Amino acid sequence: FNCKIPKYPKVNMQIHPCAVSALLLLVGTVQVVQGSGVVVRDFDTSVFDVNDEDVTVVKEPLENLFTKHRAKGKASVSPTVLRSLLEQTGYVLPVSPREGAVIPITVVSKTSPYHRDLFSTMKKNEFGETFQNYEAVGDEMVAFLAMNTNENAYFDHGGVSVPIVEGSLVVFEGGTKHRTVIQSGIVNLLGPFDLLGKRKVSMKGVFGDPHITKWNGDRFDYHGECDLVMMKSEGFGSGIGVHMHMRTTIVDTWSYIETIALKIGEDVLEASARGEYLVNGIPGSDLQGNSHDLSGYTVNYLAPETEENPSRFYVFNIDLGDGERITIKSFHHKKFMGVSTTGIGFDNFGDALGLNGAYGLGIMVGRDGKKVFKDNETDEFGQEWQVTDDDPLLFHTQRAPQYPVQCIMPPPGGAKDNNDDEIPGATAQQGNTAVGRKARRHNRRHRRLEQAVTTQDAELACAHWIQDEIEYCVSDVLATGDLELAEAGSYY
């Protein structure tokens with residue numbers, strides 16, 4: 001790898017891609033700056049190859065520094081670099097879907113005024129329209145990487161001075177007044193960018209048939225029939241660990257979640273699509289009350305269509321403390337379940353992996369924590385996270401397929417019986433069995449329903465869903481021929 005960091009005269013503020021790549025090859029000294037809320041960090045980049053795909057300048061800073069004294073551009077940083085930064089510093093970069101993180105590039109030529117940072121988030125209004133919302137950073141962490149050394153400049157954070165040294169990663173509290181002081185020359189930064197080390201993440205982990213949501217909000221479908229690891233974190237609760245598995249079943253060319261199991265410490269909750277549940281193998285109907293304990297964490301069960309829960313969902317709220325919550329729902333009399341998380345933080349889930357991807361990043365990381373799957377490799381990624389002998393067995397009964405037999409994928413034209421006639425509701429392995437015959441009877445009714453539902457009907461029924469989720473609702477309604485499924489949008 002050959003690149004020379006270019007000089008940056010004031011009359012030409014273009015940043016060559018090699019400048020960013022060369023910066024990430026440098027390994028300096030880790031140092032804690034004495035003072036409140038600021039630290040200089042470094043991380044080992046030898047675990048990956050720096051190349052044009054890892055760091056690419058997508059917008060060069062071309063503004064005139066003579067008038068504005070600050071020019072900004074953008075660089076795209078790959079998931080490989082992001083994952084390395086997460087593992088080695090404990091901080092998560094903001095993620096741009098499918099592209100890794102797009103990070104600002106800043107060139108400063110004059111002392112900036114004292115200021116506090118804001119961070120922006122994308123929100124939706126009551127009409128489903130997306131808008132950019134700005135909020136005060138507070139004690140959230142912000143960072144930049146110095147791209148050059150300037151002995152006549154320093155970063156001033158609440159009276160604490162940090163030298164501008166090429167290759168230094170400076171992490172600081174954005175809510176404290178700070179500025180860049182320049183006596184002569186210029187300062188080149190990769191950043192500033194906000195970090196998610198203290199940020200809480202909420203998401204719809206899985207819903208529908210099933211649509212799996214990654215930690216960064218991206219979604220994909222996986223229709224394999226087997227037991228799957230949705231998410232696991234060995235470090236949760238100071239090491240007691242949390243594991244969430246789902247058991248999927250194929251119907252025609254789609255699948256649904258039959259059961260979801262959550263293990264915290266040594267205790268296990270199993271919830272089915274029919275609303276039935278077990279705690280450590282004991283049916284909920286045999287347990288007293290609707291509040292249960294999982295290794296010290298409270299599970300509250302809410303039956304549907306009651307004064308406390310007027311929705312048509314069976315609801316399980318698992319309170320993890322400090323505003324963190326996992327919610328499991330199953331739609332009354334329907335084969336659809338969903339899992340959502342609220343306020344999940346790095347301290348408890350920083351090592352989380354599974355079908356939801358790597359915590360904070362949403363990168364589709366394999367079991368070894370290193371292999372990254374591409375967007376067009378969702379079937380391979382799903383197979384990667386089939387429950388294996390290395391995972392705890394959470395379900396009280398076993399069901400085929402079990403590892404090392406791989407997940408069953410829906411056949412292109414459905415299963416066939418002994419007369420070579422297709423059985424849309426059965427897997428290829430079930431064929432002319434009791435299961436297959438039951439599926440065939442079910443699907444005669446299913447097909448009558450499906451024929452009666454048009455795309456227009458589905459779109460109208462799904463109109464109240466959030467804008468970027470309507471397509472999932474429509475596909476589920478058309479697949480099942482059941483307009484009532486659209487009601488789920490109000491509650492997922």
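Are Cys462 and Cys473 buried or exposed? Both of them are buried. Before I go on, please keep in mind that this is a predicted model.

These two cysteines form a disulfide, with their sulfur atoms 1.9 Å apart. The torsion about the S-S bond is -75°, and the link of Cys462 and Cys473 is left-handed. As for where the two ends sit, Cys462 is in the loop between helix H8 (455-461) and helix H9 (470-480), while Cys473 is in helix H9 itself. The two residues are 11 apart in the chain.

How many disulfides does the structure hold? There are two. The other one joins Cys226 to Cys407, at an S to S distance of 2.1 Å. Here the torsion about the S-S bond is about 75°, so this disulfide is right-handed.

What does the pair of Cys226 and Cys407 tie together? Cys226 belongs to the loop between strand S15 (219-221) and strand S16 (227-233), and Cys407 to the loop between helix H6 (378-384) and strand S27 (415-416), so the link ties together parts 181 residues apart in sequence.

On accessibility, the cut-off for buried is under 20% relative accessible area. Cys226 is at 0% relative accessibility, so it counts as buried. Cys407 is at 8%, and therefore also counts as buried.

Next, the glycine. Gly208 lies in the loop between strand S13 (201-207) and strand S14 (211-213). Its relative accessible area is 1%, so Gly208 is buried as well. How far apart are the C-alpha atoms of Gly208 and Ala486? They are separated by 10.0 Å, with the two residues 278 apart along the chain.

Last, the chain as a whole. It has 492 residues, and 55% of them count as buried. The secondary structure comes to nine helices and 28 strands. Taking contacts between residues at least 6 apart in sequence, 59% join residues at least 24 apart. The chain exposes about 22,900 Å², and carbon and sulfur atoms supply 48% of that area.

To recap the cysteines: the Cys226 and Cys407 disulfide is right-handed, and the link of Cys462 and Cys473 is left-handed. That is the end of my part.

Conventions: Residues are numbered from 1 along each chain as its sequence is written. This is a predicted model: local features need pLDDT of at least 70, side-chain atom pairs count only at pLDDT 80 or more; totals for chains, interfaces and linings use all residues. Side-chain values use heavy atoms; hydrogens and water are left out. A disulfide is a pair of cysteine sulfur atoms within 2.5 Å. Helices (H or I, at least four residues) and strands (E, at least two) are DSSP runs, numbered from the N terminus. Buried means under 20% relative accessible area, exposed over 50%, partly exposed in between (1.4 Å probe, protein chains only). Contact means heavy atoms within 4.5 Å. Accessible areas come from the Shrake-Rupley method with a 1.4 Å probe; for residues, only the protein chains shown count as cover.
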